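I have a new structure open and want to get my bearings. These are my notes as I go.

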Amino acid sequence: MRRWPLLHVLWALCLAVVLATAAGIEVALGLAPTYAILIGVGVGASVAGALGWWLAGRVSAPLNHWSAAADSASREPLELHAPPTVILELHRLGGSLRALSQSLQRALTALLDERTRTQAILGSMAEGVIALDADHRILVMNPAAAGHFSVDAAAAQELYLCAF
């Protein structure tokens with residue numbers, strides 16, 4: 001079964017309104033066919049405008065909701081909650097965004113687990129460990145190294161190694 005896009009149905013409806021209005025006016029008022037067609041076009045344009053305004057609202061409302069959901073997902077926790085929609089394309093977009101959100105949440109959880117494990121390993125080492133970037137700024141300093149330099153490990157981050 002072929003699914004007719006909503007826009008095609010609306011255009012067919014507007015054309016039917018124009019033709020029916022023109023034929024009705026021509027018969028009822030006895031006007032010339034040209035005037036009847038012009039009045040029919042005016043009525044059809046009005047109907048098309050009203051349907052377009054209605055359709056724009058039907059499409060933009062879910063998009064505005066998805067935009068708000070994406071904005072809220074930029075904060076923790078990373079979850080998207082948006083209502084289902086009858087517009088097939090927006091329904092698919094919603095499913096894709098929910099899957100992306102879940103995938104990002106899993107990756108973030110794995111990254112935080114790895115960070116916790118790395119901090120535990122560095123914290124338990126008896127040797128001092130300092131990780132530097134290319135400019136010789138301290139990225140990570142474990143407690144043993146901090147004790148050697150008599151500084152707080154967190155406060156030493158982003159400082160240059162030559163400052164000690």
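Where is H136 found? I placed H136 in the loop between strand 1 (130–132) and strand 2; strands (E, at least two residues) and helices (H or I, at least four) are DSSP runs, numbered from the N terminus. H136 isn't a glycine, yet its phi is positive, about 65°.

A note on ground rules: this is a predicted model, where local features need pLDDT of at least 70 and side-chain atom pairs count only at pLDDT 80 or more, while totals for chains, interfaces and linings use all residues. Residues are numbered from 1 along each chain as its sequence is written, and side-chain values use heavy atoms, with hydrogens and water left out.

Next I looked up the largest nonpolar core, and its six residues are I138, M141, A145, A146, A153 and A156. Such a core joins buried Ala, Val, Leu, Ile, Met, Phe, Trp, Tyr and Cys residues through side-chain atoms within 4.5 Å. Buried means under 20% relative accessible area, exposed over 50%, partly exposed in between (1.4 Å probe, protein chains only). Strand 2 (138–141), helix 4 (143–149) and helix 5 (153–156) each supply at least two residues of this core.

I then followed M141. Leaving aside neighbours within four places in sequence, M141 is in contact (heavy atoms within 4.5 Å) with V129, I130, A146, F149, V151, A153, A156 and F164.

Last, I checked the segment after helix 5, where I found E158 and L159. E158 has a positive phi of about 75° without being a glycine, and E158 is exposed at 53% relative accessible area. L159 is partly exposed, at 38%.
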